[in-house]
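Work through the exercises below with the sequence and the 3D view side by side, and try each task before reading its solution.

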Amino acid sequence: MEEIPESSSTLQKQTKLENLCKRAILNSRQENQGFLEVILRKKHIQYLLTGIRSLPSSFGSLDASRPWICYWILHGLEVLEGLPPASDPLYHDIVQFLARCQHPQGGFGGGPGQVPHLAPTYAAVSALSIIGTDEALGIIDRTRLRDFLYAMRTPEGAFRMQADGEVDVRGVYCAIDVASICGLMEPELVRGTADWILRCQTYEGGFGGAPGNEAHGGYTFCGVAGLCLLAGLCGCDDPNLVCGSHPEVDPFGGMSTLDIDALMGWLSRRQQTIEGGFSGRTNKLVDACYSFWQGGAAVVTTLLYRLLMSIPAWRDRVLMVDVPPLVMSAESAALSAERVAAGKEEARRRTEEGAVEAGRCQGEWLFDQRCLAEYIVRCCQSATGGVADKPEVPRDYYHTNYGLSGLALTQHCSETGVCLGRFRRSVDQTPGGKVNNHEDADAESEGWEEEEEVSGARNPEDLFMLHAVDPVFGLAPEKVDRAKAFFKAMPALPPRRV
Ligand SMILES: [Zn+2]
C-alpha cells in the first residue's frame, strides 16, 4: 500500500517559514529593547535611490514594467518621506522618460515604443501624480487616454489589459483609477462595471481575477478599491456614477449582491497567526507585498462597510460580521499572548517617556495592525535597506514599496490623516508635496538612535511614522488631491467621436 506522507511539502515550507519568522521576531525584539518601529529609513532611501537611474542587467525581464519601477521607487521614497527636493533634475528626467512610454494612440506602454497596456498606464499616471508638477501631469494626453480606456472596455463593463489581451479585475481597477485621477469618469465608461466586479467575488469571500476564478489578494484589492471608486468614496460624487446598472433604483445598485461579511472574514483569515503578515490566497505562504494588497483591501472594506451601514436600506440587509474564532495551537496561543503583553509593555514605556502610545490605531482596521507591522519590520527589512517578500529571500523594489505601504496603513487610521472621500481629513501639506531633504542619507547608523538623529525637531510621535497612503489609489492623499485638482481645472474634453 502506498505510504501516506506525514507532512506535505507545503506544510513543511509553512512550518519552516513560521520558525524563521518566530526567530526573527524574538531576536529583533531583544536587539531593539522591545521597540517595534525600528525602520531603517536611511538605508531604504539609499537602496531606492540607487535604482532610479540605472539598474543591473538582471532587470532585463522587467523591460515591459519600466513605469512600474518608477512608481515603486518614487512611492517607496514618498512613504519614507525621502523624496529628493523638488529642484532635483531627476523629476524632469523621469517625466521625459514616461512621456516616451506614452503611446501616440493613448495610454502608456511598459517602455518606449511598446504597445499601450492598462498596468503601465496605471503605474505611469501614479508616478506622474507623485511628482505632481504641472510638467509631470501636463504630459498626460487625456483625449487619447480616454480613447484608450474606451477601446479596452468590454460590452459588459470590464476592461482588457491591452488590445486582444486578458480581461480581468486588474484592468478594471487600473482603468477606473486613472479615469478618476484624470477626470475621465463618465457613466458610459463605467456602465455595468460594478456588477462585473461583483461577479468576481467567490464563495470564499475574496475576489478572483474574473468571474469563477479563485479568490486572491491582489484581485481582491482591485475589486474593493474599484467598488470604492465607483461608489463615489473618492470624490467622484456624481450619483450617476455609483453603479452602472440601476442608479435610479438604489444608490448602490447591484452592490446589494456584495457579500461583505464573507469578504471581511476572508480578508481577516489571510493574516497569518504566527508570521503576522498576509498570504495572498488560502493555504499560501506569507508575503510582504500582501501587506498592501490585503491590508489595503481590509482598510477599504472597513470604510466601505461604515459607509454602507450609514445607509438604512443597506443596514437592514447587511448582517453583523461574525468571524469564527481561530483555532490556535498551544504554541500559537502562547506567542499571541506574548505579543499582547509586549504591546502593553511597549505602550506603557512610550507613555512614560512622553512619546506616542504604540499602536494607537490598533483595532481600526480588520486585522492585527501590530502583528503586521512586526512582520514587515522584524522579518522582511533587509539590513542593507529594502524589504523582502519573506525572510531569507532577496529584497526588491516591488516588495519594498508594498511592504512599506502596508506598514504605513498600520500606522494611520481615519483619525490621523488617511483616507478616502468623506473620511479624509485635511492634510497639512501643500500641493506638490512636502519633500524632505535627505542629504545625510549616507550617514552610517541604524535603529533607534538613527531615527532620533534623523528626526531633528519633529514631533516625537513622528519619529517612526511613515507618510500616510491613500488605500484606494496607493498614493499619498495630498498627491491624489493635487492631481485631481490639476485635471479638474483643465477645459472639458470635446465629445468623444464614436
Ligand atoms: Zn509578493
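**Exercise 1.** Leaving aside its neighbours within four places in sequence, which residues is A127 in contact with?

*Solution.* Residues are numbered from 1 along each chain as its sequence is written. This is a predicted model, in which local features need pLDDT of at least 70, side-chain atom pairs count only at pLDDT 80 or more, and totals for chains, interfaces and linings use all residues. Two residues are in contact if their C-beta atoms, placed from the backbone, lie within 7 Å. With the neighbours within four places in sequence left aside, A127 touches P67, C70, Y71, L74, I94 and L98.

**Exercise 2.** Describe how helix 2 and helix 3 pack against each other.

*Solution.* Two packed helices are described by the angle between their axes and the distance between the axes. Helices are DSSP runs (H or I, at least four residues), numbered from the N terminus, and axes are lines fitted to C-alpha atoms over the stretch in contact, with angles from 0 to 180 degrees between N-to-C directions. The axes of helix 2 (residues 41-53) and helix 3 (residues 66-79) come within 9 Å and cross at roughly 150 degrees. Helix 2 is therefore roughly antiparallel to helix 3, a term for angles over 145 degrees. On the helix 2 side the contact is made by I45, L48, G51 and I52, and on the helix 3 side by I69, I73, G76 and L77.

**Exercise 3.** At roughly what angle do the axes of helix 3 and helix 16 cross?

*Solution.* The axes of helix 3 and helix 16 (residues 397-411) come within 9 Å and cross at roughly 35 degrees. Among the residues making this contact are W72 and H75 of helix 3 and Y397 and N401 of helix 16.

How values were computed: Helices (H or I, at least four residues) and strands (E, at least two) are DSSP runs, numbered from the N terminus. Angles under 35 degrees count as roughly parallel, over 145 as roughly antiparallel, 65 to 115 as roughly perpendicular and the rest as oblique.
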